[in-house]
Amino acid sequence: MIHSTNKKGGLVTELPAWQALKEHVNEIEKTHLRDLLHDEARCMGLIKECEGIYGDFTRQRVTQKTLELLFELAEQSNLRGKINAMFNGEHINSTEDRAVLHIATRAHRNQKIFVDGKDVVPDVWEVLDKIKAFSDKVRNGEWLGVTGKPLKNVVAIGIGGSFLGPLFVHTALRTEPVAMRCSRDRSLRFLANVDPIDVARALDGLDPEETLVVVVSKTFTTAETMLNARTVRSWLTSRLGPESVAKHMVAVSTNLKLVKEFGIDPENAFGFWDWVGGRYSVCSAVGLLPLSLQYGFDLMQEFLAGANNIDEHFKNQPYQDNLPVLMGLTSLWNVSFLGHGAKAILPYCQALSKLAPHIQQVDMESNGKGVDINGVRLPFETGEIDFGEPGTNGQHSFYQLIHQGRVVPCEFIGIVRSQQSVYLKGEVVSNHDELMCNFFAQADALAYGKTPEQLRSDNVPDYLIPHRVFTGNRPSMSIMLPSCTAYTVGQLLAIYEHRIAVQGFIWNINSFDQWGVELGKVLASKVRTVMNSARTRDRKILPQDGFNYSTTRMINKYLEGKTQVLYPEGHDSFPIDMLRSGN
C-alpha cells in the first residue's frame, strides 16, 4: 500500500512554495481586479479553451507569478505523482486500504486499468452490458410487470451519492431534445429521505402495475435506504402480491446474500466495487441503471464518454492547460491564502439546477477533514462551504451578500446553445440571450464594483453613497459549455470531481473516506432502540436510558405530541396514511 505524501513529507505548510505563496499575498493585496483586467497579456494567459470548453480565469485574483508559485506548490506536493497513483489503481484511500477508480467506470472498452494486478475494465463492461440488456428489455416491453403491463415508471431508492449524482444528471437531461425523445412516456423519480413525506411524494400517482423499483445500496444495510425499500416493497406486495417483487424490484449492490434475503433475484442485481466511492458513483450502475431505464443506454454512453474525455485531459495535460488543475489550484489559493472559506456554484442554466447540491456532497464530504493523510492535525482549515442556485434565481436571493457582504469566490457556468430556445417577436434579445447577459454582467460587477467617484458622477446623493458602493475585487471564474447534452454533462461532472481531488492532493488529506458521517449514525441506532421500547410499552424516556437532560426532555416532548404513542399491530401503514394520522 502506497501512502500519498508530498515529496518532502510532513505538512504542506512546511513546503517552500507554501511559504512563498503566503508572502505573495501581500503583493496581491495591492492589486485590484479592475486593473488586472486591463492587462491584455495577462488575460490571454488566463483564458483556456480545452475539449470544447471555454474557461476564463481572468477574474481570479492571480497574476502570472501567482500561477507559477501555485504550479511550484503542485510540484512540491507531488500532484502529478498522486494523479498517476490514482489512475494506476494504487490504494491511495489509505484509511480504508482501497484504490480510487471511479475513472474506470467510464473507461472505453479497450482501455486497461489495473487494481492489484487485475485489469478491471472487463468487469466494468460486464456490468454495463448487463445494464444495456436489461434496460433495453424494460424499455421495449420485453420485460413486463407481474400483471403483464409495461414498466414505464422507475423509482430509484438510495441516499447520498446514490441519489444526488443521478438526480443531477437526470435534471440536466430532462429538457434536452434528444433525451426528451428517448424518455417519452417514461418517468424517473428518486426516493432518498427516510421521511415518509418523501415516500408519499415518490409514489404519489404511480400505478404499481407499471412501476419498477431500483434499490441502490452497496452493502444493502444502509438504514434509511432499506427502510424505504421495505416500505415500497409493502406498497407493491399489498397490491400485486408477494410474487411481484421478482418483476418489480431490482438492486444495485455487492451484497447478493442480503439482496436474495430481501426477495430480489440476485440475477437482477447490478454490482460495483469498493474502489468506487458513493459520491463518485454516478457513472457506475448506481446512476447508469436508473438513467438508462429512463433515457436508454446509448445516450448514457455519451455521458460516460464526456466524463472519460475529461479523465484523459486531467491525466495527460500539463498544469497550465489542465482545467481541473487550474480550478483546483485557484480555489485552493482562495481558501488557504486569501481566506475565503466558501464558494458559490452558479449555473446560468436551469437544467443544471442540481449541480450545486451534488458538488456540495462531493466536495464537502471529500475535503472536510481535520488531519492529513498520516493522521497529523492540520494547522489550517480544509474544504469549502459550497452552495449555489441557477441564474437568474440566485441574483434575487443571495447575490446581495456576495456583492456587498462577505467575499465568496464564484463559479459561473454558461451554455452557448440553450436546450430550449425562445425568441419573441418585438423583444430586443431572445430569452436565453437575456439569461446570458446576466451571466456576463455579474462576473464583471463582482470584479469592478462601483466607486464613490462613479456614484457622484451619476448624481447619487451623498447620504446614499456608502450604501451603494461596491468594493469589487471579488474573485470569480467562468466556464462556457457549447451546449447542455449528455456528453457535456459528463465533462462537467468529471471536471468538478478532479478539481476536488487536486485540492485534497495538495492539502495532503484523504479525499476518499468519510468517517465524519459515521458518529451520527451510531447515535441514531441507540435512539432507535429506546424509541422502540417507548412506543411499544407506552412509557417515557428516563435518565437511565443514557441520554442527557436536553435529549431526554426533547424525545419525551416528541412522544407527547404523537396522536398514537403505541405502534399499531398487525397491519402496514403507508405514507399517505401516516401523513393523515399524524404518526
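Hi everyone, let's start with the overall layout: this protein is divided into domain 1 (12-77 + 317-417 + 427-510), domain 2 (103-300) and domain 3 (518-580), with bounds that come from an automatic or database domain assignment. The centres of domain 2 and domain 3, taken over C-alpha atoms, lie 32 Å apart.

A quick word on the ground rules. This is a predicted model, where local features need pLDDT of at least 70 and side-chain atom pairs count only at pLDDT 80 or more, while totals for chains, interfaces and linings use all residues. Residues are numbered from 1 along each chain as its sequence is written, and side-chain values use heavy atoms, with hydrogens and water left out.

Now to the helices. Helices here are DSSP runs of H or I with at least four residues, strands are E runs of at least two, and both are numbered from the N terminus. Two packed helices are described by the angle between their axes and the distance between the axes. The axes are lines fitted to C-alpha atoms, for helices over the stretch in contact, and the angles run from 0 to 180 degrees between N-to-C directions.

Please find helix α6 (residues 121-140) and helix α13 (residues 285-295): their axes are 9 Å apart, and the angle is about 30 degrees. That makes α6 roughly parallel to α13, because angles under 35 degrees count as roughly parallel, over 145 as roughly antiparallel, 65 to 115 as roughly perpendicular and the rest as oblique. Which residues of α6 and α13 make the contact? On the α6 side they are V127, L128, I131, F134, S135, V138 and R139, and on the α13 side A285, L288, L289, S292, L293, Q294 and Y295. Contact, by the way, means heavy atoms within 4.5 Å.

A residue to look at next is F297, found in helix α14. Is F297 buried or exposed? F297 counts as buried, at 2% relative accessibility. The cut-offs are these: buried means under 20% relative accessible area, exposed over 50%, and partly exposed in between, with a 1.4 Å probe and protein chains only. Not counting residues up to four places away in sequence, F297 touches W125, L128, I131, K132, S135, L288 and S292. From F297 to G241 it is 56 residues in sequence and 31 Å in space, C-alpha to C-alpha.

Another pair of helices is α4 and α15. Their axes come within 10 Å and cross at roughly 105 degrees, which makes α4 roughly perpendicular to α15. T66, L70, F71, L73 and A74 of α4 meet L326, L329, L332 and W333 of α15.

Both of those helices come up again with helix α5 (residues 79-87). In α5, L79, K82, I83, A85, M86 and F87 are buried, and the buried residues pack against α4 (64-76), α14 (297-316), α15 (323-337) and α21 (486-507). After α5 comes G89, with a positive phi near 80 degrees.

Let's turn to the cysteines. A disulfide is a covalent bond between the sulfur atoms of two cysteines. How many disulfides does a search of the whole structure find? The search finds zero, using a cut-off of 2.5 Å between the paired sulfur atoms. Take C43: its sulfur is 17 Å from the closest cysteine sulfur, in C50, so the two are too far apart for a bond. C182 is in no disulfide either, as the nearest cysteine sulfur, that of C484, is 15 Å away. C43 counts as buried at 11% relative accessibility, and C182 as partly exposed at 27%.

C410 sits in strand β12 (residues 410-417) and is buried, at 1% relative accessibility. Leaving aside neighbours within four places in sequence, C410 is in contact with A344, L346, I402, L446, P475, S476 and M477.

Finally, some backbone details. G391 and T392 are joined by a cis peptide bond, with omega about 5 degrees, and T392 lies in the loop between β11 (385-387) and α17 (399-404). D97, a residue other than glycine, has a positive phi near 50 degrees, and N459, also not a glycine, has one of about 65 degrees. D97 is partly exposed at 42% relative accessible area, whereas N459 is exposed at 67%.
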